[in-house]
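Here is a briefing on selected local features of one structure. Please read it beside the sequence and the coordinates.

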Amino acid sequence: MNEIIVGVIGAGRIGTLHADNLIRMPGVRLKSIADPLIKPEAWSRRGVEPALDPAVVLDDSEIAAVLICSPTTTHADLTEAAARAGKHVFCEKPIALDPVRIRQTLAVVEKAGVKLQVGFNRRFDPTFARVRQAVEAGEVGDVQLVRVVARDPLRPPIEYVATSGGMFFDMTIHDFDMVRFVSGADVVEVHAFGAVLVDPAIGEAGDIDTAVVTLKLDNGALAVIENSREAVFGYDQRVEVFGSKGSVEAFNESPCQVRVRTAAGVRAENPLFFFLQRYQRSFVAELEAFFDSIRSDREPPVTGHDALIPVLIGIAATRSMREGRPVAVERQQRGRRPEA
Amino acid sequence: MQPTAVGVIGVGRIGTMHTHNLVRHVPEARVKAVASPHIDRDWAAALGIPIATPDPDELLRDPEIEAVVITTPSGRHVEMIRRAAQAGKQIFCEKPVAFEPQAIAEAIAAVEAAGVRLQVGFNRRFDPSICRLAEAVQAGEVGRLHSLRVINRDPRRPPVDFVSRSGGMFLDFTIHDLDTLRFLSGSEIEEVYAVGAALVDPNIGAAGDIDTAIVTARLANGALCVIDNSRETHYGYDQRFEAFGSKGNLTVDNLKPTTVTSYLKPGVYEDTPLPSFIERYQDAFIGELRAFLRSVREGTPVAATGEDALAAVEAAVAARTSLAENRPVHVTRRAAGAAEGGSR
């Protein structure tokens, strides 16, 4: 089997994580990584060519696939540039916060005839993949209720909040995707209650840190997402799908499975600290799935459509919170040709 | 101190359960009379209850009977409360006291005028796990309260003829969850948003009700809440509670008949939750009656008041409006003198 030569654009936290996974991954070779703040020695040592300019990656005819891990505001431009250069693209979520911009990018990708996968990594977490499998196999019957609990362990820095696009686009977007993924249904209407309970500074920056979002799905089922920016006990990631035959539920994962029993009580380990720990395997699995789709010339498991829809849901949720009413999600037919 | 003479008015499913509990598990009470249109005298005699009558007035006229348990169909609660209050009886009444806030306010007025106590059957307030959770929240164990979650799912769908006279899912079923939000938080429900559907049984939908719902709420203390409801699980009575705050998260899980875990080739199995509210809240049903009798005998306040019943019904009515009009609805607090109606 031919080795797939890969380049990475963006060497921040998530770019470095992906790059390190690529270095260890059979069947692929990470050739170069570009970032204006690149630390060249660190990458030379790993056998990866460092670059300041993304053009070094995009202009390299040997490179067949590119991972876009740069700041969100550059995702759409770089995805388009990579697609025009004939590269398959894996882009971190979200492609953009503006659906018009996302549609433009999807049109460019389609015209170029390359694969595009977006980084909804949680779909590749073995636990949540098993939830989906149980639902798909009909183990819980017809889906009636979906609930997602997603809480970060630590409030983000205020500078981050200001550039994040808001909690619904930065954090809840994963949960919007999770509801779609586990239910196999689409979201038609959203209602959001939001509050600033963790940190008043987040409120002053114009965002929220606590939310409860209700969603109506196109198969008639109901869903609810509970978010917080700070759960002091660790990363709280749980999902339940309840249906006509029963329920399937995914619990938190801990670094080890012990119980300490004393007169003071019974103590178990806290959940894994954050997404790097909790979703370690999913970050590898999503890339493997991306390369599989290139090798077998099949549609990637997370499509451009899947990238667009959670942004549309986030827009509806934002408007719902602002206007104090449920808001319909803009309709977007699956497989519809995006307007250029 | 001699046991207090008690009468039970209405001995359907829940009245029968309360009667059994009073006889067997409430040493502070002596059931002197039971009244119901189709009373089974042999059943009463077997329990050692001297008077079994179709006429509640016979019981209300009895000067020895100090307290009554009202477990008639919900539509007759207010009338019976009024008559019992006029007869000077201490009153325990099943929920919902009434489907309309106005009627509950009238019942409260009747009770106050007569100077008797009214306790309402919010049994969960006497469940050891839920009590522990409420104490923890109010003692600040979770820090500042950020969110509450109630999962309340019945094991099996009710008969459709029950649905049509139940007052609807929010008033019949979700009302316990709305009271639980108030009980756990010590705060008031300010705003609710409800979505609902008939996904379990189309006949429930045809009868004008729903069987699946998500109700979200904002409390006066700022916390956000989620209630999720279903009328049919197939796996038992699903009762779970969660309180999340700045210092952590406290959860109450389902109780199971046994704690056996079976590790077998197809998977790891444990018991499904207790099958129905009768088993799950057995201690709570006994506890609420004992607490009522203690209040009566010691002259102390009751733990689930008419005002609590009113607040829960007001929230349920707001949820019903929210569902009907597909908008978040502010809860109209009659007690607080709030203005009528109100979208945000």
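A:D60 sits in the loop between α3 (55–58) and β4 (65–68) of chain A; helices (H or I, at least four residues) and strands (E, at least two) are DSSP runs, numbered from the N terminus. The model is predicted: local features need pLDDT of at least 70, side-chain atom pairs count only at pLDDT 80 or more, and totals for chains, interfaces and linings use all residues. Residues are numbered from 1 along each chain as its sequence is written, chains are lettered from A and ligands numbered from 1 in the order in which they are written, and side-chain values use heavy atoms, with hydrogens and water left out.

**Loop residues**

- A:D60 is buried, at a relative accessible area of 14%. Buried means under 20% relative accessible area, exposed over 50%, and partly exposed in between (1.4 Å probe, protein chains only).
- A:D60 touches A:K31, A:A55 and A:K87, not counting residues up to four places away in sequence. Contact means heavy atoms within 4.5 Å.
- B:E141 lies in the loop between α6 (128–138) and β7 (145–153) of chain B. B:E141 is partly exposed, with a relative accessible area of 39%.
- Neighbours within four places in sequence aside, B:E141 contacts B:R132, B:A136, B:K247 and B:L250.
- B:E141 and B:F244 are 103 residues apart in sequence, yet 9.9 Å apart in space, C-alpha to C-alpha.
- B:L255 belongs to the loop between β12 (248–252) and β13 (261–264) of chain B. B:L255 is partly exposed, at a relative accessible area of 35%.
- Leaving aside neighbours within four places in sequence, B:L255 meets B:P273, B:L274 and B:R280.
- B:L255 and B:R334 are 79 residues apart along the chain, and their C-alpha atoms are separated by 37 Å.

**Helix packing**

- In chain A, α4 (residues 75–84) and α5 (residues 99–112) pack at an angle of about 10°, with their axes 9 Å apart. Axes are lines fitted to C-alpha atoms, for helices over the stretch in contact, and angles run from 0 to 180 degrees between N-to-C directions.
- α4(A) and α5(A) are therefore roughly parallel. Angles under 35 degrees count as roughly parallel, over 145 as roughly antiparallel, 65 to 115 as roughly perpendicular and the rest as oblique.
- From α4(A), A:A76, A:D77, A:T79, A:E80, A:A83 and A:R84 meet A:R101, A:Q104, A:T105, A:V108, A:V109 and A:A112 of α5(A). The contact of α4(A) with α5(A) has five nonpolar, three polar and four charged residues. Ala, Val, Leu, Ile, Met, Phe, Trp, Tyr, Cys and Pro count as nonpolar, Asp, Glu, Lys and Arg as charged, and the others, Gly among them, as polar.
- In chain B, α5 (residues 101–114) and α12 (residues 306–325) pack at about 175°, axes 9 Å apart. α5(B) and α12(B) are therefore roughly antiparallel.
- B:P101, B:I104 and B:I108 of α5(B) meet residues of α12(B) including B:L310, B:V313 and B:V317. The contact of α5(B) with α12(B) divides into seven nonpolar, one polar and two charged residues.

**Helix α1 of chain B**

- The 13 residues of α1 (residues 13–25) of chain B should span 18 Å, and the end C-alpha atoms are 18 Å apart, which agrees. The expected span is 1.5 Å times one less than the number of residues.
- Buried residues of α1(B) include B:G15, B:H18 and B:L22.

**Cysteines**

- There are zero disulfides over all chains, a disulfide being a pair of cysteine sulfur atoms within 2.5 Å.
- A:C256 is partly exposed, at a relative accessible area of 34%. B:C93 is buried, at 0%.
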